[in-house]
Every structure is written in structure tokens, then in C-alpha cells.
Amino acid sequence: MSWRDNLIKIEPYVAGEQPNKTDFIKLNANENPYPPSPNVIKAINDFAAGGLKKYPSANAVPLVAAIAKREGLKPENVFVGNGTDDVLSLAFRAFFNSDKPIIFPDITYSFNTVWCDILNIPYETVSVDDDFNINPDDYARENGGVVLANPNAPTSIGRDLDFIRKILDNNPDSVVIVDEAYVDFGGTTAIPLLKEYDNLLITRTFSKSRSLAGMRLGWAMGGEELISALYATKDSMNSYPVDSIAQAAGIAAIEDEEYFQSTLKKVMTTRDRLTAELREMGFVLPDSSTNFVFASHPKYSAKDIFEYLKTKDIYVRWFNKPRIDNRLRITVGSDSDTDMLINALKQFIK
């Protein structure tokens with residue numbers, strides 16, 4: 001047997017294309033077009049002046065406290081990690097250890113299958129309907145855990161609190177993870193349900209609505225038992241805490257509510273304008289509760305549009321996957337970037 005036979009064999013997560021140039025419009029990674037709060041920049045500069053010689057708070061205690069205060073929770077209900085992907089990978093390790101398959105939609109965040117493959121977690125996908133909606137009744141079956149994104153990606157569809165409640169009521173013996181990476185852009189948070197369901201874990205990110213994708217900051221909210229299990233898992237396999245500068249930046253971002261709300265409003269206003277323009281051109285897309293839209297055109301191939309936009313140095317996301325290979329996921333950019341995108345699409349259709 002060759003040593004090559006022992007190498008890991010998984011299909012890795014594939015991110016959006018990252019061109020090796022600077023002069024282009026990047027609408028394929030769901031990044032925020034606006035900079036973080038000015039208070040974030042000040043916090044980074046102030047900390048860098050004298051704080052780097054000391055190790056960071058092991059469990060990001062100051063940042064945990066700031067998040068808990070904003071969300072009306074106790075610090076014992078909050079866990080902070082190096083990005084939501086870090087938090088979710090720890091959650092998969094901590095919660096999904098039975099021989100029953102965990103379940104999640106067939107069209108959702110594609111990292112779910114990667115974690116299952118690398119951690120040897122059995123899983124099954126549940127089909128969304130033809131309009132990309134998730135039927136909560138489909139999750140009323142035996143399983144080892146449930147993972148949902150609400151709003152869902154890449155479909156952009158958000159569901160209400162009754163939807164999450166029904167999922168939870170159908171799964172009292174499973175941990176239910178609700179990824180709320182995009183909830184700030186018009187979705188409905190499940191935080192009110194934390195008081196009723198101790199098997200609910202909610203994950204969030206600083207990357208999207210708070211413009212800190214480069215910091216790799218994410219957090220989870222849940223009952224004390226779930227949060228304790230996350231800490232035990234982290235301390236057993238990844239003792240490296242969130243770095244000090246990221247913690248300082250996160251606190252400044254969480255505490256600047258006025259700036260946060262103002263940028264959200266800008267993104268959602270531009271999103272609604274983009275949606276109207278796309279529909280005027282004949283595109284079909286659901287109402288979005290995120291900072292992106294999920295669009296197709298009945299007359300033109302999504303791949304052809306994707307390739308054409310690249311000739312104009314505009315990068316959107318095309319998925320070469322069943323059921324969604326004729327859809328484009330388009331991040332909501334600045335007003336000027338959106339104008340250039342709309343003009344390019346009009347040229348293509350013309």
C-alpha cells in the first residue's frame with residue numbers, strides 16, 4: 001500500500017473566483033461595499049500602539065460581553081470564534097456524534113458537506129421545492145442534527161419565526177443550528193426562541209453586515225450547555241483564541257449601532273433597486289432578505305452572462321451544480337458598482 005492511499009479524499013469547498021488584479025468589480029463573495037465603522041479603525045490603531053505584546057483574552061471575554069449586552073443575553077450564552085466557519089466546524093464536532101445522519105437542505109451553504117466528509121459525520125440532504133423554499137415538515141424525521149441557514153444561501157430566501165419554531169418542535173432530541181449570517185439584511189432572528197429551546201444554536205458573522213470579512217470573526221448564541229460544549233471542543237483541539245486586534249475591532253463594531261444601521265439601510269436600498277432593475281430586464285428572482293440576489297433569465301444562460309460580465313471585469317457567482325446552474329448569485333455592491341453591473345447586463349441583453 002502506498003502512502004498516497006492514506007491521503008484524505010474529500011471534495012473541498014470552492015470559493016468565488018478571486019482574480020489576481022485590483023481593477024475590477026467584485027460581486028461574488030457577499031462582502032459589504034462599505035468600510036467598517038470609523039470606531040473600528042480607531043480601536044485597531046489604539047490597540048496596535050501598545051497591546052500586541054500581550055496574549056489575547058483566551059475566550060474573548062470583552063467581546064463576548066459586548067455581544068451579550070447587545071442581544072440581551074448572558075455572557076454564558078455566547079461563544080466567539082475565528083469566523084463563523086470556525087464556529088460551525090467546532091459545532092459539528094461538538095454536537096453531531098451519533099450514528100444517525102444530520103440533515104440539511106440540498107441547496108444551502110456548501111461547506112456543510114465538507115465538514116461532514118472530513119469529520120466522518122453521516123448526512124442526508126433534503127430537497128427544497130422548485131421555488132427554493134424549505135418545507136419544515138420534511139424535517140420531521142429521525143436524525144442526528146439539523147442545520148439550516150436563515151436567510152438561506154445562495155437562494156436569499158428568509159423565513160419567519162414560526163418556521164424555525166416548527167423545525168424545533170419537530171426535533172426535540174436533536175441540536176438545531178440556525179446560521180444567521182445574513183439576518184441583518186431583512187431576515188428574522190431566532191434569538192427570541194433561545195429562552196424556550198435549549199437545543200437551539202444560532203451562529204452569526206462580522207463579515208457581512210459589519211464589514212469585517214478580513215478579521216475572521218464569528219459567534220454563536222445558545223443555551224449554556226451547548227456553549228460549554230463548544231468551549232470544551234475548542235480547548236481540546238484548537239486552543240488558539242481570537243486575536244486581540246480582532247477582539248478590539250469586534251467590540252467597536254458591535255457598539256457603533258448608528259453606523260451599523262446606516263450601512264444596512266444603504267445596502268438594502270441598493271438591493272431593492274437592483275431587484276427592480278433586474279426584473280425590468282426579464283430576470284426572475286425571489287425577494288431577497290440578504291445582501292445578494294439569486295437571479296436567472298428565461299432567455300439567456302447564466303453561464304453565458306457570467307462569462308460576459310467577466311469580460312467587463314465584473315465578477316458574480318455562478319454555481320456549476322444541479323438545480324442552480326442557471327442562476328447567478330450577485331452581491332449587492334456600492335451604487336456605482338451596481339450601476340455598472342446594470343449597464344453591462346443591459347448591453348448583454350441588447
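Predicted model: local features only at pLDDT ≥ 70, side-chain atom pairs only at ≥ 80, totals over all residues.
Glu-277 belongs to helix α8 (residues 257–280) and Lys-346 to helix α10 (residues 335–349), so the pair ties together parts that are 69 residues apart in sequence. Glu-277 is partly exposed, with a relative accessible area of 24%, and Lys-346 is likewise partly exposed, at 40% relative accessibility.

Next, display Arg-70, Glu-71, Glu-180, Arg-204 and Glu-257 together. Salt bridges that share partners join these residues into one network. Within the structure there are 20 salt bridges.

The side chains of Arg-204 and Glu-71 form a salt bridge of 3.7 Å, N to O. Arg-204 lies in strand β7 and Glu-71 in helix α2 (residues 61–71); the two are 133 residues apart, and the pair links distant parts of the chain. Are these two residues buried or exposed? Arg-204 has a relative accessible area of 4%, and because buried means under 20%, it counts as buried. Glu-71 is buried too, with a relative accessible area of 14%.

For another salt bridge, select Asp-137 and Lys-166, whose side chains meet at 3.0 Å, N to O. Asp-137 is in the loop between β4 (123–126) and β5 (146–149), while Lys-166 is in helix α5 (residues 161–170), 29 residues apart. Asp-137 is partly exposed at 43% relative accessibility, as is Lys-166 at 35%.

Strand β6 (residues 176–179) runs parallel to β7 and is joined to it by 4 bridges; here Val-176 stands opposite Leu-200. Strand β8 (residues 218–222) runs antiparallel to β7, with 5 bridges between them, and Thr-203 faces Ala-220 as its opposite residue in β8.

Select Ile-177 next and show its surroundings. Leaving out residues up to four places away in sequence, Ile-177 touches Leu-88, Ala-91, Phe-92, Phe-95, Phe-96, Val-146, Val-147, Leu-148, Leu-201 and Thr-203. Ile-177 is also among the residues with the most contacts inside the largest nonpolar core, together with Val-80, Phe-95 and Leu-230. This core has 74 residues, and helix α3 (residues 84–95) supplies the largest share, 7 residues. Apart from this core lies another, of 22 residues, including Ile-25, Leu-274, Ile-342 and Leu-345.

The last stop is Asn-32, in the loop between β1 (25–26) and α1 (38–48). Asn-32 is buried, with a relative accessible area of 13%. Beyond its neighbours within four places in sequence, Asn-32 is in contact with Phe-185, Lys-208, Ser-209, Ser-211 and Val-267.

Technical notes. Residues numbered from 1 in each chain as written. Heavy atoms only, no water. Core = buried A, V, L, I, M, F, W, Y, C linked by side-chain atoms within 4.5 Å. Buried < 20%, exposed > 50% of the residue type's maximum accessible area, 1.4 Å probe, protein only. Contact = heavy atoms within 4.5 Å. Pairing = 2+ DSSP bridges. Salt bridge = Lys/Arg side-chain N within 4 Å of Asp/Glu carboxyl O.
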